[in-house]
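Hello,

Here is the structure I promised to pass on. Please open it first, then read my notes below.

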Amino acid sequence: MRWKWLFVFYWKRLLKSKLYVGASILFFVLLLVRFVLFFSDDMNAGMEYSGDLPSEVFMLVQIVSLFYIVWFYFLYSNELRYGVSSWFADGYRILLEKMSALLAVHALCQGIMLMMSYGVFSLVYLFVGVEPSDLYWSLLRFLAVYQFGPLVLTVLYGIIIALLLETKKVSFFAMLLVWILTGPMTTELFIDLSKTVHARDWASLLFIGKHAIQRAYDSYIGFEVDRGGEWKWAAWFLSLVGLALLSSIRFTQTRKERNAVLKALLIFPFLIVLTAYHSLQTNTKAFTRADQTTELEEYRRMPQTIKADLRYRIQSYDISLHGSRAVVRVALSQLETNRPTFQLYHLYPLHSIEADHQPVKFTRNGDLVTVWLPKRTSTLTFSYEIVDTALIPYTNGRIVLLADRAWYPKRRASHMYQAYEYQVAGTRAWDGAFTDQFVPNETYTFTLNVDGDVLFCNVPKRGTVYRGKAQAVTLIKGQGHQLVDQGYEITYPADWPHMAERAPTVIHQMEKTFRHVQQIASTAVSSLPNKIVFSSSGLSSFMAHDHLVYNTNFFSIGTYHMERDYYEKMLRLSVPPKGSRIMYNEWISLATRWLMQKQGLSVIDWSSKSEWFESQPSSVKKQIEAIYQAFQPLDVDQKQRCLRTWYANMDDGWTWDRILEMMQEVNGVGGRH
């Protein structure tokens with residue numbers, strides 16, 4: 001009964017507090033301001049990454065949490081100042097009841113704010129056109145972990161500082177320090193440190209927020225919510241409750257009370273370690289800076305030239321995916337070696353390889369697996385585990401297995417990912433690409449037996465399995481939507497709005513651009529694939545005969561064809577590299593401007609070169625600049641002839657001088673007409 005009256009008492013105090021209520025109102029005022037700023041940005045016109053909108057709460061939580069900490073500190077320290085609890089025989093119990101009642105009142109208030117925030121975000125999503133799906137449920141979970149959770153802890157910060165320092169002036173410095181070190185913006189404030197912390201490092205427990213606060217949503221994977229974040233909050237909550245009990249021991253009045261508290265505190269270390277351990281085991285790597293940096297660094301260190309034996313052919317694949325367990329049966333033909341080499345993602349734990357139902361030895365060198373066969377065989381069975389990594393995230397049962405990734409054994413002699421170095425303005429820079437961006441033309445028969453709901457697979461479904469011939473397989477189990485437009489099967493992320501209205505414009509522009517590309521170069525595929533997977537981040541881009549994966553890099557798909565990046569990407573997706581890397585990139589650079597000119601776009605920067613230009617010797621730079629100067633004044637048809645001739649003849653022996661001569665010849669022919 002007394003706890004009930006304390007709850008009512010603190011509820012009334014909270015509602016009458018100008019500081020608490022003002023801070024709560026400030027949260028929503030700032031949220032609306034952030035919405036206005038977001039929608040006023042032209043880049044967000046199509047809302048292709050509306051899933052990142054909830055990341056705004058990190059800054060807002062950081063701001064208002066200081067006001068909450070101050071209010072709870074003053075409220076509790078003023079009560080401790082007069083020692084009212086010591087007037088009663090059960091004064092220590094009253095002290096604990098006050099703490100728990102205050103925590104319950106604050107949690108109730110934050111629960112109301114959570115639902116109000118969820119309502120605001122949901123209304124915004126519905127307004128911009130985000131279709132109903134389980135995205136809305138995961139949005140609530142995201143806000144519960146990253147808004148409700150950190151704000152609830154503020155009452156414990158205030159109480160602990162009051163118990164330890166009471167009304168001492170140093171308490172103001174303590175509140176400021178706690179606010180900085182425990183806020184969700186900590187990873188951004190100490191970015192140099194957070195960049196080095198992996199998802200499953202113990203140091204990640206020091207961050208109650210995300211490692212990269214700008215990103216809240218990944219295409220098809222969803223919001224960064226997993227059991228790891230919830231377990232981490234539980235570990236923080238238990239740690240703070242334990243610290244509050246420890247800080248309150250000096251207010252106990254009897255030895256029995258002190259012993260009871262000490263016995264209770266013995267349980268807390270076990271519970272804290274347990275929840276912290278579960279947090280580290282279930283944390284996702286999908287959104288963590290350090291995990292991706294480390295993974296790419298591994299590829300930089302891997303030797304690019306590796307001995308591989310590909311004297312065999314693959315006839316078919318039988319792939320079984322149940323949960324995270326993968327079993328792949330590879331039917332071989334024309335096996336002419338006892339040491340066949342396969343490409344398989346090196347971060348996937350490979351449990352066993354069997355030949356004729358008997359285990360065989362194997363060795364791994366990066367993404368390349370060499371099988372040691374005692375005798376020739378017609379089938380090999382690979383058993384391995386699909387795990388969460390930076391390049392292929394696997395979170396909450398959602399996964400995007402793209403055809404350009406080595407998620408099943410492939411007949412390849414290179415790693416899945418290639419890193420290369422270049423110079424930009426004299427500064428060393430790194431970039432990379434998946435080696436299967438242009439998937440080989442040979443086809444195989446695939447049979448996939450997959451549990452759970454599959455959003456996309458380029459192999460047709462036959463009953464309960466997916467079976468058919470393809471160059472490679474893309475399989476998506478995640479949040480997203482699909483539609484059919486003009487014969488194209490379009491898959492797009494759950495946070496993309498109004499795709500049914502925008503798809504016709506997008507498809508028309510893609511078809512037209514692809515036809516123009518074919519006027520200057522031989523493309524890897526003869527026509528635009530009728531299955532298209534869109535994304536705004538995370539996924540790579542590639543084009544196979546039967547499907548296209550297209551990443552807009554945060555641009556709106558509806559207006560993306562107005563930008564240079566759109567035309568450059570269409571070229572890189574469809575035109576295989578030839579000749580030297582620098583020559584191919586400069587061809588892409590000039591072909592991009594020609595495509596923009598074909599569309600009648602007036603804003604074209606003719607002076608900028610490819611990113612590889614700066615790393616060239618000064619003599620080569622002068623030759624490239626002369627080519628740009630000769631190319632710009634040509635008319636559209638002359639540019640087309642130059643680009644077509646350039647690409648057709650481009651090889652290791654094709655020189656810059658020869659390209660310049662060719663342009664001058666074309667200009668001369670055009671002049672005689």
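Predicted model: local features only at pLDDT ≥ 70, side-chain atom pairs only at ≥ 80, totals over all residues.

Now the overall picture. The chain has 673 residues, and 55% of them count as buried. Its C-alpha trace spans about 105 × 65 × 50 Å along the principal axes. You will find 17 helices and 24 strands in it.

Next, contacts. Take those in the chain with a separation of 6 or more: 71% of them come from residues 24 or more positions apart.

Then charges. There are 68 positive side chains and 59 negative ones. The centres of these two sets lie 7 Å apart.

One spot on the surface deserves a look. Seven names belong to a nonpolar patch there: Val170, Phe173, Leu177, Leu181, Leu189, Phe190 and Leu193. Together they have about 650 Å² of accessible area. Which helix gives the largest share of the nonpolar patch? That is helix H6, residues 170-182, with 4 residues.

Leu193 sits in helix H8, which covers residues 191-194. Why does Leu193 count as partly exposed? Its relative accessibility is 47%. Buried means under 20% and exposed means over 50%, so a value in between is partly exposed.

Best wishes

Definitions and conventions:
Residues numbered from 1 in each chain as written. Heavy atoms only, no water. Patch = residues over 30% accessible without salt bridge, like charges linked within 9 Å, V, L, I, M, F, W, Y side chains within 5 Å. Areas by Shrake-Rupley, 256 points an atom, 1.4 Å probe, with all protein chains shown as cover. Salt bridge = Lys/Arg side-chain N within 4 Å of Asp/Glu carboxyl O. Helix = DSSP H or I, 4+ residues; strand = E, 2+ residues; numbered from the N terminus. Buried < 20%, exposed > 50% of the residue type's maximum accessible area, 1.4 Å probe, protein only. Contact = heavy atoms within 4.5 Å. Lys, Arg positive; Asp, Glu negative; His and termini not counted. Charge placed at Lys NZ, Arg CZ, Asp CG, Glu CD.
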